[in-house]
Amino acid sequence: MTSSSPSRLQSWILASRPKTLAAAAVPVLVGSAVAYGQDVFAPGPAIAALVGAGLIQIGTNFANDYFDAKSGADNENRLGPTRAVQAGLLTPNAMKWATALTFLAAALVGLYLIGVGGWPILIIGIASILSGIAYTGGPYPLGYNGLGDLFVFLFFGLIAVTATHYVQALSFSPEALVASIPIGLLSTAILIVNNYRDVDTDRVAGKNTLAVRLGKAVTRKQYAGVVLAAYLVPVIQIAAGLSQIWVLLPLLSLPLAIKCIRALGALEGSALNALLARTAGLLTVFGVLYAIGFAL
């Protein structure tokens, strides 16, 4: 390790991938905003949901770092940000233990939420942790078999938003379910950019993501469709009389979404890392505006 190499603390922060945490925080924000708009907001469960979601996200990132290095999917040809194990910054054993301890911490937070929300939260918590491990690990890694997009939509959209609302309202809300759809779609858009960037290296490594299966041309259309569909949801809400006019606030960020769609066709290789960050930013801006719309 050279003198310019990151310290051990910096390596752990790098491995936690702070820029991905928006995908964990935004669903909690929107689910809580729906609860607030319905006068059932509960700060304790909302904060616990935020901490639990963040820990599951970090645990999943640690697991991906470990399993992708072990399988060879992360190698010297990697175009994305540095992975700690592949780069030799942290040992595989240390990453394995960090994964286990982070998921354990998430489970401890989950005990409080189970006490509040009961067995549905127990099932969601177990499924979330198992999916975080199975994304790149286990006998049938979801991300290696073209299922990553579906599971991101489910766990970072439908489940995260509705469960956050549920632990506060203690009842199922169709409004929260509708609100979860655009959040899941934009979370999936982040993964699409990631997998689009890595199509060539993933194909060589035998990592058959959906982008590898579809090819670059169709993946660009998938990205555009997913992003634009997210903006269609608030319009449908208003047209169907399901929500107040304020849920249209995310449309203010539509120009940013159009720029992201155009950029995907213009960028290649490591230059797509900037679009990855911009798509995460798009999710954040959309989510904040959407949350404000529900809260007003």
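This is a predicted model: local features need pLDDT of at least 70, side-chain atom pairs count only at pLDDT 80 or more; totals for chains, interfaces and linings use all residues.
1. Helices α5 and α6. Helix α5 spans residues 119-134 and helix α6 spans residues 148-169. Their axes come within 11 Å and cross at roughly 155°. The two helices are therefore roughly antiparallel to each other, since an angle over 145 degrees counts as such. The crossing of α5 past α6 is left-handed.

2. Residues between α5 and α6. On the α5 side the contact is made by P120, I121, I124, A127, S128 and S131. They meet F151, F155, I159, A163, Y166 and V167 of α6. By class, this contact has ten nonpolar and two polar residues, with no charged ones.

3. Helices α6 and α7. Helix α6 also packs against helix α7, residues 174-197. The angle is about 145°, and the axes are 7 Å apart. Here the crossing of α6 past α7 is right-handed. The contact has 13 nonpolar, nine polar and one charged residues.

4. Helices α2 and α12. Helix α2 covers residues 22-37, and its axis comes within 8 Å of that of α12. The axes cross at roughly 10°. That makes α2 roughly parallel to α12, because angles under 35 degrees fall in that class.

5. Residues between α2 and α12. From α2 come A22, A23, V26, L29, V30, A33, V34, Y36 and G37. Facing them in α12 are A280, L283, T284, G287, V288, Y290, A291, F294 and A295. The contact divides into 15 nonpolar and three polar residues, and no charged residue takes part.

6. Aromatic pairs. The structure holds seven of these. One of them joins Y231 and F286: the ring centres are 5.1 Å apart and the planes stand at 90°, so the pair is edge-to-face. Y231 lies in helix α10 (residues 216-239), and F286 lies in helix α12 (residues 272-295).

7. I58. This residue lies in helix α3, residues 43-71. Leaving aside neighbours within four places in sequence, I58 is in contact with S16, L21 and T102. T209 is 151 residues from I58 in sequence, and their C-alpha atoms are 21 Å apart in space.

8. Annotated spans. An unreviewed UniProt entry carries the annotation "transmembrane region" for residues 47-67, 97-115, 121-138, 150-170, 176-193, 223-249 and 275-295. In the model, residues 176-193 are 100% helix and 0% strand. The end C-alpha atoms of that span lie 27 Å apart. Residues 223-249 are 63% helix and 0% strand. For residues 223-249, the end C-alpha atoms are 22 Å apart.

How values were computed:
Residues are numbered from 1 along each chain as its sequence is written. Side-chain values use heavy atoms; hydrogens and water are left out. Axes are lines fitted to C-alpha atoms, for helices over the stretch in contact, and angles run from 0 to 180 degrees between N-to-C directions. Helices (H or I, at least four residues) and strands (E, at least two) are DSSP runs, numbered from the N terminus. Angles under 35 degrees count as roughly parallel, over 145 as roughly antiparallel, 65 to 115 as roughly perpendicular and the rest as oblique. A crossing is left-handed if the near helix is turned anticlockwise from the far one by less than a right angle, and right-handed if clockwise. Contact means heavy atoms within 4.5 Å. Ala, Val, Leu, Ile, Met, Phe, Trp, Tyr, Cys and Pro count as nonpolar, Asp, Glu, Lys and Arg as charged, and the others, Gly among them, as polar. UniProt positions are given in the numbering used here, feature names are shortened, and annotations may be inferred rather than shown by experiment. Rings of Phe, Tyr and Trp (its six-membered ring) pair if their centres lie within 6.5 Å; planes under 30 degrees apart count as stacked, over 60 as edge-to-face and the rest as tilted.
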